[in-house]
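Here is a short briefing on one structure.

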Amino acid sequence: EKSTKRLSNSVVCFEFGYARTEQGVDNMVDAVRRLLKHGVRTTRTLGSGVLDICYVACGRMDVVYTGVAEEGWKPWDYCAGLVVAMEAGCTMGQLLKDKEEGYGFDMYSKSMICGVNK
């Protein structure tokens, strides 16, 4: 039997990163505002990309995203976390569509979303 996770029961993690342009800050804050207005249970920010991914993989959080502004993570942030996420059965892809890659994920992506599959 397949269960569906609802936003109202979800813990969503994000990292703001280093974007400081007016548009970049607006994009990041607006993304969190939309989550809160649509009833997310809670949000978290831990300060470590690989820790965020590992928390999703072990079920402490439901989803992590980055890249709504120009603040996508570096390859070393994804490296170990990607392996842990894949072994745990998570889905990982680009948050924002790339013209060449679509929503596929690679370590040089400018955005990322990782969620648990149950």
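Axes here are lines fitted to C-alpha atoms, for helices over the stretch in contact, and angles between N-to-C directions run from 0 to 180 degrees. The model is predicted. Its helices H2 and H3 have axes that come within 8 Å. The structure holds zero disulfides.

**Helix packing: H2 and H3**

- H2 covers residues 49-58, and H3 covers residues 75-88.
- Their axes cross at roughly 5 degrees.
- Angles under 35 degrees count as roughly parallel, and H2 and H3 are therefore roughly parallel to each other.
- H2 contributes Gly 49, Val 50, Ile 53, Cys 54 and Ala 57 to the contact.

**Cysteines**

- A disulfide is a covalent bond between the sulfur atoms of two cysteines.
- The count in this structure is zero disulfides.
- Cys 13 is in no disulfide, and the nearest cysteine sulfur, in Cys 114, is 10 Å away.
- Cys 13 is buried, at a relative accessible area of 0%.
- For Cys 58, the closest cysteine sulfur belongs to Cys 54.
- That sulfur pair is 7.6 Å apart, too far for a bond, because a disulfide needs the two sulfur atoms within 2.5 Å.

**Asp 62: loop between H2 and S3**

- Asp 62 sits in the loop between H2 and strand S3 (63-66).
- Is Asp 62 buried or exposed? Its relative accessible area is 11%, so Asp 62 is buried.
- The Asp 62 side chain makes a polar contact with the side chain of Lys 5, at 3.4 Å.

**Glu 15: loop between S1 and H1**

- Glu 15 lies in the loop between strand S1 (11-14) and helix H1 (22-37).
- Glu 15 is buried, with 11% relative accessible area.
- Which side chain does the side chain of Glu 15 meet in a polar contact? The partner is Thr 45, at 2.9 Å.
- The Glu 15 side chain also reaches the backbone nitrogen of Leu 46, at 3.1 Å.
- Glu 15 and Val 64 are 49 residues apart in sequence, yet their C-alpha atoms are 8.4 Å apart in space.

**Thr 66: strand S3**

- Thr 66 belongs to strand S3.
- Thr 66 is buried, with a relative accessible area of 0%.
- Its side chain makes a polar contact with the side chain of Trp 73, at 3.2 Å.

**Met 107: loop between S4 and S5**

- Met 107 is placed in the loop between strand S4 (91-93) and strand S5 (112-115).
- Met 107 counts as partly exposed, at 26% relative accessibility.
- Leaving aside neighbours within four places in sequence, Met 107 is in contact with Lys 74, Pro 75, Tyr 78 and Cys 79.
- How far is Met 107 from Ser 10, C-alpha to C-alpha? The separation is 26 Å, with the two residues 97 apart along the chain.

Technical notes: Residues numbered from 1 in each chain as written. Predicted model: local features only at pLDDT ≥ 70, side-chain atom pairs only at ≥ 80, totals over all residues. Heavy atoms only, no water. Helix = DSSP H or I, 4+ residues; strand = E, 2+ residues; numbered from the N terminus. Parallel < 35°, antiparallel > 145°, perpendicular 65-115°, else oblique. Contact = heavy atoms within 4.5 Å. Buried < 20%, exposed > 50% of the residue type's maximum accessible area, 1.4 Å probe, protein only. Polar contact = N/O pair within 3.5 Å; in protein donor to acceptor, adjacent residues only side chain to side chain.
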